[in-house]
Structure formats: C-alpha cells, structure tokens
Amino acid sequence: MLLGVAVGQIAGIAATLLVKATLRPDVVIALVIAVPSVIGMLLILFSGRRWLTALGAFILAIAPGWFGVLVVIQVVNGA
C-alpha cells in the first residue's frame with residue numbers, strides 16, 4: 001500500500017502538470033477519490049487470487065496519495 005500512495009503522489013503531480021483545463025474542485029476530488037477506490041474495492045472483493053487482492057490494495061492506496069497532492073497544491077496556492 002505504501003507503493004500505491006507513492007504512485008498516487010506521482011500521478012497527482014503528473015496530472016497537475018499535464019492537465020491545464022480548469023475544473024471545479026468538487027468534481028476533481030470526486031474523481032480522484034472515487035475512481036481508484038471503486039476499482040480497488042471491486043478487485044479486492046471479487047479476486048480469487050492473492051496477487052489480484054494485492055493489486056486491488058495497490059490501486060485503492062492510490063487515492064489518498066493523489067488527494068494529498070491536490071490538498072498540498074491548494075494550500076500552496078492559497079485557495
């Protein structure tokens with residue numbers, strides 16, 4: 001899960017640098033939290049193998065890292 005958080009932080013920074021469109025903050029937070037959480041939980045719940053459960057936990061852990069980067073960016077920008 002630690003690797004998932006690290007990947008989430010890298011993905012958050014990369015997405016911030018690549019996406020220049022202005023989006024509503026509530027939509028961005030919903031996407032950042034919902035998409036990895038739903039995919040990770042579905043993989044954990046319906047996995048039949050250990051590696052698939054580990055992959056689900058990895059994907060589930062991406063959401064807090066990505067969200068943390070978004071929070072830090074908002075704090076630094078004074079929003």
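1. A salt bridge is a side-chain nitrogen of Lys or Arg within 4 Å of a carboxyl oxygen of Asp or Glu. Keep that in mind as you look at this predicted model: the structure holds one salt bridge.

2. Which two side chains make it? Those of D26 and R24 meet in the salt bridge, at 2.6 Å from N to O. R24 is exposed, because its relative accessible area of 54% is over the 50% cut-off. D26, at 43%, counts as partly exposed.

3. Now have a look at the loop between α1 (2-18) and α2 (25-46), where you'll find T22. T22 has a relative accessible area of 77%, so it counts as exposed. From T22 to P64 is 42 residues in sequence, and their C-alpha atoms lie 22 Å apart in space.

4. L23 sits in the loop between α1 and α2 as well. Is L23 buried or exposed? With 53% relative accessibility, L23 is exposed. L23 also belongs to a nonpolar patch on the surface, along with I13, L17, L18 and V19. Together these residues have about 540 Å² of accessible area.

5. Which residues of α2 are buried? They are V32, P36 and G40. As for what they pack against, the buried residues of α2 meet α3 (50-77).

Note on methods:
Residues are numbered from 1 along each chain as its sequence is written. This is a predicted model: local features need pLDDT of at least 70, side-chain atom pairs count only at pLDDT 80 or more; totals for chains, interfaces and linings use all residues. Side-chain values use heavy atoms; hydrogens and water are left out. Helices (H or I, at least four residues) and strands (E, at least two) are DSSP runs, numbered from the N terminus. Buried means under 20% relative accessible area, exposed over 50%, partly exposed in between (1.4 Å probe, protein chains only). Contact means heavy atoms within 4.5 Å. Patches are made of residues with over 30% relative accessible area and no salt bridge: like charges are joined within 9 Å, nonpolar side chains (Val, Leu, Ile, Met, Phe, Trp, Tyr) within 5 Å. Accessible areas come from the Shrake-Rupley method with a 1.4 Å probe; for residues, only the protein chains shown count as cover.
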